[in-house]
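Q: I'd like a close look at one part of this model, and I'd rather have the whole story than a quick label. Could you walk me through it?
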Amino acid sequence: MILPVFLYGQPVLRKEAEEVPSDYPELKQLIANMYDTMYQAEGVGLAAPQVGLSLRMFVIDADVLGEDYPECQGFKKVMINPEIIESSEDEITLEEGCLSLPGVHEKVSRAKQIRIKYLDQDLKEVEEEIAGFAARVVQHEYEHLEGHVFIDNVSAIRRQLNKGKLNNIIKGSARCSYRTKAVGK
Ligand code: NI
């Protein structure tokens with residue numbers, strides 16, 4: 001089932017999300033719905049707050065980026081209650097976008113490599129090292145669980161330059177090809 005994507009300005013995107021309880025009802029269905037929603041919107045990652053649920057989980061399928069970033073080939077994961085336990089000091093700056101901020105693209109610096117632990121879709125504990133663009137996608141989604149969005153990381157000047165676009169998103173007048181839920185609509 002495709003869910004509406006909550007857009008910039010929605011309070012749920014600014015909340016620190018809650019841990020997913022181990023007895024969360026219909027977790028499998030939620031994961032399937034989040035994948036459906038992400039694919040339909042042509043995104044490579046989607047965090048639960050983006051579908052209005054203040055829960056610490058996200059889905060990623062970065063395989064479409066595999067040609068430019070080989071580390072993304074087959075990189076499809078569900079991360080539940082993730083915790084980044086190490087971030088490299090080395091950073092890379094690249095352009096990002098977000099399904100909750102349609103039409104906004106800005107360069108963001110992120111750690112080149114991270115070490116993360118999380119529960120997978122079967123609630124099995126996993127700990128792994130992730131590098132390159134895949135690490136960027138994970139850090140972007142992780143940030144959603146902390147109540148942040150990528151535009152928070154850019155300079156005040158760059159944010160100011162996006163003011164018009166951001167206001168249109170809040171008002172619900174940003175053009176978008178997928179189902180959304182804006183504050184003003
Ligand atoms: Ni995002």
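Which residue forms a salt bridge with Arg 110, and how far apart are the closest N and O atoms?

A: Arg 110 pairs with Glu 143, and their closest N and O atoms are 3.0 Å apart. That pair ties together distant parts of the chain: Arg 110 sits in strand 6 (residues 106-111) and Glu 143 in helix 2, 33 residues apart.

Some ground rules before going on. This is a predicted model, where local features need pLDDT of at least 70 and side-chain atom pairs count only at pLDDT 80 or more, while totals for chains, interfaces and linings use all residues. Residues are numbered from 1 along each chain as its sequence is written, and side-chain values use heavy atoms, with hydrogens and water left out. A salt bridge here is a side-chain nitrogen of Lys or Arg within 4 Å of a carboxyl oxygen of Asp or Glu. Helices (H or I, at least four residues) and strands (E, at least two) are DSSP runs numbered from the N terminus.

Back to the pair. Arg 110 is buried, with a relative accessible area of 6%, and Glu 143 counts as buried too, at 11%. (Buried means under 20% relative accessible area, exposed over 50%, and partly exposed in between, with a 1.4 Å probe and protein chains only.) As a general point, side chains of opposite charge can pair when their charged atoms come close.

Arg 136 and Glu 96 meet in a salt bridge of their own, 2.8 Å from N to O. This one also links distant parts of the chain, with Arg 136 in helix 2 and Glu 96 in strand 5 (residues 91-96), 40 residues apart. Both Arg 136 and Glu 96 are buried.

For contrast, take Glu 127 and Arg 115, whose side chains meet at 2.9 Å, N to O. Glu 127 belongs to strand 8 and Arg 115 to strand 7, twelve residues apart. Here Glu 127 is partly exposed at 42% relative accessibility, and Arg 115 is partly exposed at 23%.

A nickel ion is coordinated by Cys 98 (SG), His 140 (NE2) and His 144 (NE2), at 2.1 to 2.2 Å. Donors are N, O and S atoms within 2.8 Å of the metal (3.2 Å for Na, K and Ca), and water is not among the atoms, so sites may look incomplete. Along the chain, the nickel donors follow the spacing C-x41-H-x3-H. His 140 and His 144 are four residues apart in helix 2, so about one helical turn separates them. His 140 is buried at 7% relative accessible area, and His 144 counts as buried at 1%.

An open sheet of five strands runs in the order 2-3-4-7-8, with antiparallel pairing. Strand 2 (45-47) and strand 8 (125-131) stand at the edges with a single partner strand each, so one side of each has no neighbour in the sheet. (Two strands pair if DSSP finds at least two bridges between them.) Neighbouring strands of this sheet are turned by 40° against each other on average, direction ignored. Strand 3 (residues 57-61) and strand 4 (residues 76-87) run antiparallel and are joined by five bridges, with Val 59 standing opposite Val 78 in strand 4.

Helix 1 (residues 27-40) packs on the sheet, touching strand 2, strand 3 and strand 4, and its direction makes about 45° with that of strand 3. Helix 2 (residues 132-145) packs on the sheet as well, touching strand 2, strand 3, strand 4, strand 7 (113-119) and strand 8, with its direction at about 155° to that of strand 3. Contact means heavy atoms within 4.5 Å. Axes are lines fitted to C-alpha atoms, for helices over the stretch in contact, and angles run from 0 to 180 degrees between N-to-C directions.
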